[in-house]
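This report describes how two chains meet in a model. It begins with the contact and then turns to symmetry and salt bridges.

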Number of protein chains: 2
Amino acid sequence: VPDEHSPASEKRQRGRPPTRAKPRGHPGLPLELVGGLAPVQRNILMAAHDLLLERGYRALTLEGVALEAGETVGTVKKYFVSKAGLVEMLVDSLAHDTWLKVVATVESLPPGPERIHAYITAMRDVFVETEETLALFNVFPYAMRLPDLRPRLAALYRWYRELVLEKSGILALVPSGIVLTDEEAEALAGVIMAALDGLSLQAALDPEGFDVDAAIDMLDRMVRSAVAV
Amino acid sequence: VPDEHSPASEKRQRGRPPTRAKPRGHPGLPLELVGGLAPVQRNILMAAHDLLLERGYRALTLEGVALEAGETVGTVKKYFVSKAGLVEMLVDSLAHDTWLKVVATVESLPPGPERIHAYITAMRDVFVETEETLALFNVFPYAMRLPDLRPRLAALYRWYRELVLEKSGILALVPSGIVLTDEEAEALAGVIMAALDGLSLQAALDPEGFDVDAAIDMLDRMVRSAVAV
């Protein structure tokens, strides 16, 4: 079916090159640094998180966050400089806490189906039904519109995809060349992140009517079958 | 592994019952009615869509939409009553146009792997990289916070999941009982919708760096393997 393949490969040129680049690491603050934040910084970020969730992105002003945190505007400015700085650090710190929990759960397992199962199951708890992800949904519309914020979120999602591959153990299965090519592994990481985001949305919109556990089970099964020889 | 199964079945009680209910049909306006909207209504909805995309949910006032559409506020009120009425009709009409295009592409194919492939590929064009989906992302944060809007979006997503099963031909594969149970089919529909939403997000955040075609190929492959005997 040559007709099917030629437009697809033409389209692919617009996307990433077929060979996977070296892991880029965290686009902003290294994870260790987020973990080492001063209590006053953590307090301000928690206040920003609550404000974002309860009243949305527009309510996230330096003044509003200072009031919510019980700090002065001067203190908030000292640590985060601007609203943009605050938003960047906030999305970094949301990711940080989530991924640390996943690492603790799955990193000791050898790469393979069991580790993938443990990873997807852990992601359900730390990512799919959490306030952190709902907070992120408040940032997305602005990230799509604001030229300064969008590349920052794009970089965060590239890093998320790297982490998915590494923590799930899928990356360790790739070099054999039997299971997945580099390009397929990247695509799989995109689908996993996408499904987790989208399930988070459906669970938040319909907590009584949507069976998120059954959907996570199905995703787990689909990912394991995608890496099966 | 009885330890694994007992908490899972406990959790599942919070979700949907294991047997799938009858298709509920569209939660609001029937598709035929959206298609039969008067030109003035379509004009107002297009203005609302543009406003939502360019300036966000808060800019979506009856006055703002009237100005954008070149209509009087009285006309907008006459057809849509309130902001809530306008938002509901808007999300219905976004879905309407999208699904009609998918129906035209795949409905003539017999249920099976080829139809699933055609369906997922069509969804890439009409759903993943479209302004309609980006417009919806502007509504989500408010749907999560506003008690009147949330159930409406929840109902819309239930209907989306029904449509996924029906239009992809997966629903027609279920009665045999060999391929998927009703519950698994529901879960699969949730994962497909979730992945499409999430891929839409990653493509919008990172149009140069994210290879959405490769991700759609991978999703297609994963869905086909999930229904394979």
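Chain B gives 65 residues to the contact and chain A gives 65 residues, where contact means heavy atoms within 4.5 Å. The model is predicted: local features need pLDDT of at least 70 and side-chain atom pairs count only at pLDDT 80 or more, while totals for chains, interfaces and linings use all residues. Residues are numbered from 1 along each chain as its sequence is written, chains are lettered from A and ligands numbered from 1 in the order in which they are written, and side-chain values use heavy atoms, with hydrogens and water left out.

**The contact surface**

About 5400 Å² is buried between chain B and chain A, 57% of it on carbon and sulfur atoms. Buried area here is the accessible area (1.4 Å probe) that two parts lose on being put together, summed over both. Of the area that chain B buries against chain A, 13% comes from Met144(B), Leu205(B) and Met222(B), more than from any other three residues.

Across the interface of chain B and chain A, 16 residue pairs are in polar contact, both residues at pLDDT 80 or more. A polar contact is a pair of N or O atoms within 3.5 Å; within protein, one must be able to donate a hydrogen and the other to accept it, and residues adjacent in sequence count only if both atoms are side-chain atoms.

Several helices of chain B each supply at least two residues of the side that touches chain A, among them H1 (2-12), H3 (39-55) and H7 (113-128). Helices are DSSP runs (H or I, at least four residues), numbered from the N terminus. H11(B) gives the most to this side of chain B, with 16 residues. By class, the side of chain B that touches chain A has 32 nonpolar, nine polar and 24 charged residues. Asp, Glu, Lys and Arg count as charged; Ala, Val, Leu, Ile, Met, Phe, Trp, Tyr, Cys and Pro count as nonpolar, and the others, Gly among them, as polar.

**Symmetry**

Chain B is superposed on chain A by a rotation of 180° with 0.0 Å of shift along its axis (RMSD 0.0 Å). The two copies are thus related as by a two-fold rotation axis. The superposition is by least squares on the C-alpha atoms of residues with pLDDT of at least 70 in both copies. The same surface serves both copies, since 100% of the contact residues of chain B recur in chain A. Ala195(B) comes closest to the rotation axis of the residues of chain B, at 2.0 Å (C-alpha).

**Salt bridges**

The structure holds 22 salt bridges over all chains, and six are found across the interface of chain B and chain A. A salt bridge is a side-chain nitrogen of Lys or Arg within 4 Å of a carboxyl oxygen of Asp or Glu.

| Pair | N to O distance |
|---|---|
| Asp206(A) and Arg158(B) | 2.6 Å |
| Asp206(A) and Arg161(B) | 3.7 Å |
| Arg221(A) and Glu184(B) | 3.0 Å |
| Asp213(B) and Arg124(B) | 2.5 Å |

Asp206(A) and Arg161(B) are both buried, that is, under 20% relative accessible area, with exposed over 50% and partly exposed in between (1.4 Å probe, protein chains only). Arg221(A) is partly exposed, with a relative accessible area of 31%, and Glu184(B) is partly exposed at 26%. Asp213(B) and Arg124(B) are both buried. In chain A, Arg124(A), Asp125(A), Glu129(A) and Asp213(A) are linked in a network of salt bridges.
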